[in-house]
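Dear colleague,

I am passing a structure on to you, and below it you will find what I found when I went through it. Please keep the model open beside this message while you read.

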Amino acid sequence: MDINSEPEVWHFDHISFAREASFEFRSEFQGEIAGLGLWAWNLSSGEVVWNREEYGLYNLEPDTFPGTRDAWLRLIHPQDLERVQSRVLQALQEELQYEDVFRILLPHGEVRWLMGRGTLERDESGRAVRMVGINMNITERKETELALLEQESLMREMLEQQRRFVADAGHELRAPLTTIQGNLELLRRFPGMTPQDRNEALDETELEAKRLGRLVSDLLSLARADSGNKLKQEEVFFEQMLENALFEVQEKAREHTLELGPLPSSRVRGDRERLQQLVLILLDNALKYTPKGGRICLELKQDSDGVKLEVHDNGMGISEKDLPHVFERFYRADQARARGNDPGGTGLGLSIAQWIVGQHGGSIALESELGVGTTARVTLPLALPLT
Ligand SMILES: Nc1ncnc2c1ncn2[C@@H]1O[C@H](COP(=O)(O)OP(=O)(O)OP(=O)(O)O)[C@@H](O)[C@H]1O
Ligand SMILES: [Mg+2]
């Protein structure tokens, strides 16, 4: 069929389109089918003709589309353009069916997904003269498909996180258990050991058992976090809770200077026990990573943003490389683990702190300079807005 010798065919309407289209095309799509766009592309002139439905797919009026292949290409989403062009070229070169799913840009910038198919037509001498095809709007299906894919990759990521968590937890649990087992074995096998050796073995066993106990309770906190457990909603007098936390660390802080700024009365809605845990985590870090004789300073402020707690220390600080990772589970900065210098820890404190703050609708951030010190800042919404 030579369209150049039958120009009237290109005065397009869907009936003449169907009449002039290939047999297969005609028998499959007689007349207008709602949502099914029909198109034909004259390979020598570059002219493109559409039926009414095809205009509808592009949200265009017939007089706004110049009817050329280049004008059509301009409607294709820039990220799909190269692929669409190469698919069309491949169909022409290899004389295959053209088939593709691509995005188009509607006049107001909206994106629509189309499924397109096309087939080559030849004249009597066998020369390819045009390509005719169909387009369908598959946006809804595609969006559902993409949402499903996104959900699937999210699930996969969560599973991977869970797997890593279990592996890391197992690794951390094994270390104190090995020490406890080793010491028990020693005590059993050498009943005649000196009282000093015996005490050393017992002290170490006790220390490791404590570490194990803390680790298990940290893991339980995180398991609660992962299962989406809701925290209590009680009225908490933050300054009182802070005083309780300070009382608890008194013993550990004997070799540091602990400074306390003014404690304005601040009411927060939340879980008293968890908020106390949060303060203890920050104090524990400040004490642990500040050498003896160092200074730890606590400040409590209140403004329209909420209650602000700051814990400053002049300890070892955190390097720029480590700082972005300190809230990750099991992450410990290199210098904290330096041989002979490790104050001990599992790298769970700050991830628990972050969960507690998040559950209270607040925010937490760490500022630090290596060798200079660290400041942890927590902001929590006020139970009642300031008047
Ligand atoms: N005040 C601080 N000064 C220096 N480094 C800190 C400070 N707070 C946290 N870090 C660094 O961040 C890492 C993560 O802290 P996090 O509290 O999560 O774990 P941890 O203290 O190592 O172990 P855990 O708290 O579970 O006993 C620490 O290992 C340490 O390297
Ligand atoms: Mg810690």
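How many bridges join strand β4 to strand β5, and in which sense do the two run? Strand β4 (residues 111-122) and strand β5 (residues 128-137) are joined by 9 bridges and run antiparallel. Helices (H or I, at least four residues) and strands (E, at least two) are DSSP runs that are numbered from the N terminus, and two strands count as paired if DSSP finds at least two bridges between them.

Before going further, please note that this is a predicted model, in which local features need a pLDDT of at least 70 and side-chain atom pairs count only at pLDDT 80 or more, while totals for chains, interfaces and linings use all residues. Residues are numbered from 1 along each chain as its sequence is written, and chains are lettered from A and ligands numbered from 1 in the order in which they are written.

The pLDDT, which is the predictor's confidence in each residue on a scale from 0 to 100, has a mean of 87 over the chain, and 88% of the residues reach 70 or more. Over residues 1-31, however, the pLDDT is below 50, and this stretch has 39 contacts in the model beyond near neighbours in sequence. Here two residues are in contact if their C-beta atoms, placed from the backbone, lie within 7 Å.

As for the chain as a whole, there are 11 helices and 12 strands. Of its 387 residues, 24% count as buried, a word that applies if 20 or more other C-beta atoms lie within 10 Å of a residue's own, whereas a residue with 12 or fewer is exposed and one in between is partly exposed, the C-beta atoms again being placed from the backbone. Among the contacts with a separation of 6 or more, 60% come from residues 24 or more positions apart.

Let us return to the sheet that holds β4 and β5. This open sheet has 5 strands in the order β2-β1-β5-β4-β3, and the pairing is antiparallel. Because β2 (48-50) and β3 (98-105) stand at the edges with a single partner strand each, one side of each is left without a neighbour in the sheet. Neighbouring strands are turned against each other by 25° on average, with direction ignored. Helix α5 (residues 78-94) packs on this sheet and touches β3, β4 and β5, and its direction makes about 155° with that of β3; such axes are lines fitted to C-alpha atoms, for helices over the stretch in contact, and the angles run from 0 to 180 degrees between N-to-C directions.

The strands β3 and β4 are joined by 8 bridges and run antiparallel, and they form a hairpin with 5 residues between them, where Gly109 in the turn has a positive phi of about 85°. The hairpin of β4 and β5 also has 5 residues between the strands, and there Gly126 takes a positive phi near 95°.A second open sheet has 5 strands in the order β7-β9-β10-β12-β11, with mixed pairing. In this sheet β7 (257-260) and β11 stand at the edges, each with a single partner strand, so one side of each is left without a neighbour. The twist averages 15° from one strand to the next. Strands β11 (residues 363-369) and β12 (residues 373-380) pair in the antiparallel sense over 7 bridges, with Ala365 opposite Arg377 and Ile364 opposite Val378.

Finally, helix α9 (residues 272-288) has 17 residues and reaches 24 Å from its first C-alpha to its last, close to the 24 Å expected at 1.5 Å a residue, where the expected span is 1.5 Å times one less than the number of residues. Its buried residues include Leu275, Leu278 and Leu282. Helices α9 and α11 (residues 349-359) pack at an angle of about 145°, with their axes 9 Å apart, and the contact involves, among others, Leu278 of α9 and Ile352 of α11.
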